[in-house]
Amino acid sequence: PLLYADPVLLSGTHLIETGDVVANIQLLNERFGLAEIEELVARKRAGAEKMALDADDLEAHGRLLDRLEAQLQSAHDASDLPDEPTTVAALEDFVVRLRLATL
């Protein structure tokens, strides 16, 4: 599950800060450089992705998730992005035109 939670937090932070959508955990980690992520990816590649983590590992990854959540919140707080979508009408118009064009 950590390999699913970590990318969400990292990709969200990356998206807010850069405007680019990146979902690949390895590409994201090239930017963030987290040893914990490298370890999880290595475990998965070795076929040990379902192996239980010991208490120390769980605690360390819990701290990592807390850090990533705080980093995402900081990126959000520093962002100029609006709190609500501003292009709903334009998107609806696009979808309607696209559907009508395919009739």
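1. Which residues does Asn 29 touch, not counting residues up to four places away in sequence? Asn 29 touches Leu 34, Ile 37 and Glu 38, where contact means heavy atoms within 4.5 Å. Asn 29 is found in helix α2 and, at 7% relative accessibility, counts as buried. (Buried means under 20% relative accessible area, with a 1.4 Å probe and protein chains only.)

2. A word on the basis: this is a predicted model, in which local features need pLDDT of at least 70 and side-chain atom pairs count only at pLDDT 80 or more, while totals for chains, interfaces and linings use all residues. Residues are numbered from 1 along each chain as its sequence is written, and side-chain values use heavy atoms, leaving out hydrogens and water. Helices are DSSP runs (H or I, at least four residues), numbered from the N terminus.

3. Helix α2 (residues 25-32) packs with helix α3 (residues 35-45) at an angle of about 155°, and their axes are 10 Å apart. That makes α2 roughly antiparallel to α3, a label for angles over 145 degrees. Axes here are lines fitted to C-alpha atoms over the stretch in contact, and angles run from 0 to 180 degrees between N-to-C directions. From α2, the contact uses Ile 25, Gln 26 and Asn 29; from α3 come Ile 37, Glu 38, Val 41 and Arg 45.

4. Next, α3 and α4: these pack at about 125°, with axes 11 Å apart. On the α3 side are Glu 36, Ile 37, Glu 39, Leu 40 and Arg 43, which meet Asp 57, His 61, Leu 64 and Arg 67 in α4.

5. Do have a look at helix α1 (residues 2-18), whose 17 residues reach 24 Å from first C-alpha to last, close to the 24 Å expected at 1.5 Å a residue. Its buried residues include Leu 2, Leu 3, Leu 9 and Leu 10, and the buried residues of α1 pack against α2, α3 and α4 (55-78). After α1 comes Gly 19, with a positive phi near 85°.

6. Helix α5 (residues 88-101) has 14 residues, and its end C-alpha atoms are 20 Å apart, in agreement with the span of 20 Å at 1.5 Å a residue. The number of buried residues in α5 is zero, so α5 lies largely in the open. As for distance, Asn 29 and Ala 101 are 42 Å apart, C-alpha to C-alpha, and 72 residues apart in sequence.

Terms used. Helices (H or I, at least four residues) and strands (E, at least two) are DSSP runs, numbered from the N terminus. Angles under 35 degrees count as roughly parallel, over 145 as roughly antiparallel, 65 to 115 as roughly perpendicular and the rest as oblique. The expected span of a helix is 1.5 Å times one less than its number of residues. Buried means under 20% relative accessible area, exposed over 50%, partly exposed in between (1.4 Å probe, protein chains only).
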